[in-house]
Amino acid sequence: TTCQGKEMKNIALFGIAAAVLAAAPAFAADLRPMSAPMYKAPPMMVPPASWTGFYIGADLGGSWSHTNGSWTGLPSAAAFGVNPTSGSLDGSGFLGGVHAGYDYQFAPTWVFGVEGDWTWTHDHGSNSQAWTVFGTGTPVGGGAATTMNSTVDWLASFRGRLGYLVTPNVLAYATGGIAWGDVHYSGTASAPGVGYLASTSFSNTSDGFVVGGGVEWALTHNWSLRGEYLFYHLNSSAGTTATAAAFPAFPSSFSWSRTNVDVARAGLSYKF
């Protein structure tokens, strides 16, 4: 009996040892340190090898225009019997266009270039004023009024650019040059009570100047994104005279002052 007990004890110990040996690899695997997750650095913008080169691009933004319109009844305000009117024609609109130019990097953080652009817009401003009896503030009545309009249809410029590289990827610049703008003008003077109606409508391309500045970011060797502000000053338009068919001796004189346009836009460029 004693021998049989010892034999059973040995078999039990052997079974325990075998179970421990079988579980050891799994236990050891649980004790292995966990590997650290792989870390990927965020993508970096690649600085351009040089800003020198030709480029083309497109722009989108908004414009805000200002001009003054004046009306006088002829042969004189006193003879016409109505005070002259004058008022601001402030407009706004969306714009889109294209640009092209050439940049030259020197010194080595300065960039000089030339650029031309053409921009379409429909920046409309209007002003309407009731007539008053000459020498007084008394309304003429009967719906007598003068309405004047101006609409900037397009803008164009040829400018120089001078910029400083704040970083290899970021160019802050000033710009200025000559400008052109096509503005459509219209005016109507009417007194329905007496059947008076005189109107005019015409377009005029005016020259002037433009100044501004912006910041341009090089996204890759070839692509860049810019934010830009420009101020256009266009010379005044010649006035016109419109005759009322029923009152040929009493025409109306319309005139518009110079036109100023503020432009804020973003542009995307591709450098060759």
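The second largest cavity is lined by G69, T85, S86, G87, L89, N127, Q129, T146 and M148, with β2, β3 and β4 being the elements that give two or more residues to this lining. This is a predicted model, in which local features need pLDDT of at least 70 and side-chain atom pairs count only at pLDDT 80 or more, while totals for chains, interfaces and linings use all residues. Residues are numbered from 1 along each chain as its sequence is written, and side-chain values use heavy atoms, with hydrogens and water left out.

**Cavities**

- On a 1 Å grid over the protein atoms alone, a cavity is a set of points where a 1.4 Å probe fits but cannot get out, and lining residues have an atom within 4 Å of a point; grid points are joined across faces, edges and corners, and a volume is the space filled by probe spheres set on the points.
- β2 contributes the most to the lining of the second largest cavity, with four residues, where helices (H or I, at least four residues) and strands (E, at least two) are DSSP runs numbered from the N terminus.
- The lining of the second largest cavity comprises two nonpolar, seven polar and no charged residues; in this scheme Ala, Val, Leu, Ile, Met, Phe, Trp, Tyr, Cys and Pro count as nonpolar, Asp, Glu, Lys and Arg as charged, and the others, Gly among them, as polar.
- The largest cavity has a volume of about 130 Å³, and of the 16 residues that line it, W51, E216, N222, S224 and K271 are the closest to its centre.
- β6, β7 and β10 each supply at least two residues of the lining of the largest cavity, the largest share, three residues, coming from β7.
- Five nonpolar, six polar and five charged residues make up the lining of the largest cavity.

**Largest pocket**

- The largest pocket (a pocket being an open set of points with protein on both sides within 12 Å along at least five of seven lines) has a volume of about 190 Å³.
- Of the 15 residues lining the largest pocket, F80, W131, A191, V194 and Y196 lie nearest its centre, and the lining as a whole has 11 nonpolar, four polar and no charged residues.

**Strand pairing**

- Strands β6 (residues 196-218) and β7 (residues 223-234) run antiparallel and are joined by 11 bridges, two strands being paired if DSSP finds at least two bridges between them.
- A hairpin joins β6 to β7 through four residues, and V210 has Y232 in β7 as its bridge partner.
- β7 also pairs with strand β10 (residues 259-271) in the antiparallel sense, over 12 bridges, with S224 standing opposite S269 in β10.

**Nonpolar patch and salt bridges**

- Y104, F106, W110, F112, V114, F158, L162, Y164, V166, I178 and W180 make a nonpolar surface patch of about 1,000 Å²; such patches are made of residues with over 30% relative accessible area and no salt bridge, nonpolar side chains (Val, Leu, Ile, Met, Phe, Trp, Tyr) being joined within 5 Å, and the areas come from the Shrake-Rupley method with a 1.4 Å probe.
- β2 (85-106), β3 (110-130), β4 (145-167) and β5 (170-191) each supply at least two residues of the nonpolar patch, with the largest share, four residues, coming from β4.
- The count comes to 11 salt bridges, each defined as a side-chain nitrogen of Lys or Arg within 4 Å of a carboxyl oxygen of Asp or Glu.
- The side chains of D59 and R265 meet in a salt bridge (4.0 Å, N to O), a pair that links distant parts of the chain, with D59 in strand β1 (residues 53-73) and R265 in strand β10, 206 residues apart.

Technical notes: Patches are made of residues with over 30% relative accessible area and no salt bridge: like charges are joined within 9 Å, nonpolar side chains (Val, Leu, Ile, Met, Phe, Trp, Tyr) within 5 Å.
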